[in-house]
Amino acid sequence: MRSKRMAAISFNPRLNVQGGRKNHGVVVEEIEGLIRIYGDGQVERPPIIPSAPCMVTNGVVSKDVAIEKFTNLWTRIYVPSYSSKMPLLVYFHGGGFCVGSASWRCYHEFLAALASKAGCIILSLNYRLAPENRLPAAYDDGINTLMWVKQEARNGANEHKWWLNQCRYSSLFLAGDSAGANIAYNVAIRSYGISGSSIKPLILKGIILIQPFFGGEERTISEMHAAQPPNSALTLSVFDTYWRLSLPLGANRDHPWCNPLAEGATTLRELKLPGAMVCISEMDILKDRNLEFSNALASAGKWVETRMYKGVGHAFQILHNSQFSQIRTQEMMSHLKAFINQ
């Protein structure tokens with residue numbers, strides 16, 4: 001049975017790849033314009049969102065660097081022109097664990113601007129995607145990236161001195177939006193909870209969760225009734241499809257990777273976590289779940305800063321799909337700068 005899901009975003013869906021399509025049988029899952037899965041397991045991701053080459057943007061140098069050839073893990077590194085040592089921020093892009101790239105122009109522009117404004121070095125990770133690589137593949141890629149940075153910092157390799165020499169290792173942040181925020185959180189509880197020495201000389205100082213992609217079997221009010229912008233990036237049906245494609249086979253949305261507050265999940269009070277910043281969009285279907293998570297962190301005695309952005313929906317800072325997007329994005333940039341440099 002064909003399950004077709006709509007994802008209305010502010011890019012041209014006519015750019016998808018219709019010509020020369022091979023016959024892979026029936027389409028079993030689809031998020032229109034973004035991903036199509038056939039019965040034979042073939043996956044298509046139409047190039048609906050343009051990529052950006054590495055370039056100097058507002059004084060920020062960017063380069064793509066390979067981390068692990070076997071899994072094709074790589075990162076785009078952004079280095080602003082600051083004379084002093086800077087915090088290091090490892091960033092995970094959004095896309096429901098199934099789509100997205102560190103080379104997407106919308107992420108390149110957002111992160112180049114953030115590196116410049118906040119005065120930090122950013123590693124934007126191109127992690128493995130579901131359904132070919134279901135969770136925890138993306139979490140593993142995040143951990144492997146931290147281990148790679150740790151090793152390169154200890155080795156002092158000449159090829160990486162252009163960015164490593166400017167890093168303040170005592171100020172590491174993990175950040176991401178949507179599914180990327182989920183990855184940042186799960187990588188944090190693994191790397192921070194193992195032992196403080198596991199990633200030395202790096203010291204995890206904070207996590208930044210922008211519209212974190214969490215779920216659950218029981219619907220929240222905002223999931224069912226949120227007044228969304230007309231070109232919303234995340235509808236409930238798209239939300240469900242992403243989880244079906246990314247969770248381990250047989251798991252439901254109360255799996256701890258989807259629902260960190262589910263019965264049976266490790267309680268937040270038991271977890272070792274650094275300070276957190278949670279950014280929530282007022283018109284996002286995830287609003288209630290994000291608020292619940294943020295409040296649960298505070299109730300568990302964790303340090304958390306919560307920011308609500310009025311009049312905008314999911315991924316507004318990336319897609320600029322609202323009349324308020326530019327204003328709210330500048331607000332977010334200021335909040336992120338303050339959190340990273342406090």
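Predicted model: local features only at pLDDT ≥ 70, side-chain atom pairs only at ≥ 80, totals over all residues.

**Entry 1: Gln211.** I looked up Gln211 and got 0% relative accessibility, so it counts as buried (under 20% relative accessible area; exposed is over 50%, partly exposed in between, with a 1.4 Å probe and protein chains only). Gln211 sits in the loop between E11 and helix H5 (221–225). Helices (H or I, at least four residues) and strands (E, at least two) are DSSP runs, numbered from the N terminus. Gln211 also has a positive phi of about 45°, although it is not a glycine. I made a note of the background: most residues other than glycine have a negative phi, and most peptide bonds are trans.

Residues are numbered from 1 along each chain as its sequence is written, and side-chain values use heavy atoms, with hydrogens and water left out.

Entry 2: I found Ser178 in the loop between E10 and H4, and it is buried at a relative accessible area of 6%. Then I checked for cis peptide bonds. One joins Leu135 and Pro136, with omega about 20°; Pro136 is in the loop between E9 and helix H2 (137–155). Another joins Lys200 and Pro201, with omega about 15°; Pro201 belongs to the loop between helix H4 (179–194) and E11.

**Entry 3: the sheet.** In what order do the nine strands of the open sheet run? I read it off as E5-E6-E7-E9-E8-E10-E11-E12-E13, with mixed pairing (two strands pair if DSSP finds at least two bridges between them). Strand E5 (56–57) and strand E13 (304–309) are the edges, each pairing on one side only. Strand E11 (residues 204–210) pairs with strand E12 (residues 275–281) in the parallel sense, over five bridges. Helix H7 (residues 287–299) packs on the sheet and touches E11, E12 and E13 (contact means heavy atoms within 4.5 Å). The direction of H7 makes about 160° with that of E12; axes are lines fitted to C-alpha atoms, for helices over the stretch in contact, and angles run from 0 to 180 degrees between N-to-C directions.

**Entry 4: a hairpin.** E2 and strand E3 (residues 35–38) run antiparallel, joined by four bridges. Glu29 stands opposite Ile37 in E3. Three residues lie between the strands of this hairpin, and Gly33 takes a positive phi near 85° there. I also noted that four of the five residues of E2 are buried.

**Entry 5: the core.** Which residues have the most contacts inside the largest nonpolar core? They are Trp163 and Tyr185, in a core of 107 residues. Such a core is a set of buried Ala, Val, Leu, Ile, Met, Phe, Trp, Tyr and Cys residues joined through side-chain atoms within 4.5 Å.

**Entry 6: exposed or buried?** Asn23 counts as exposed at 75% relative accessibility, whereas Thr71 is buried at 17%.
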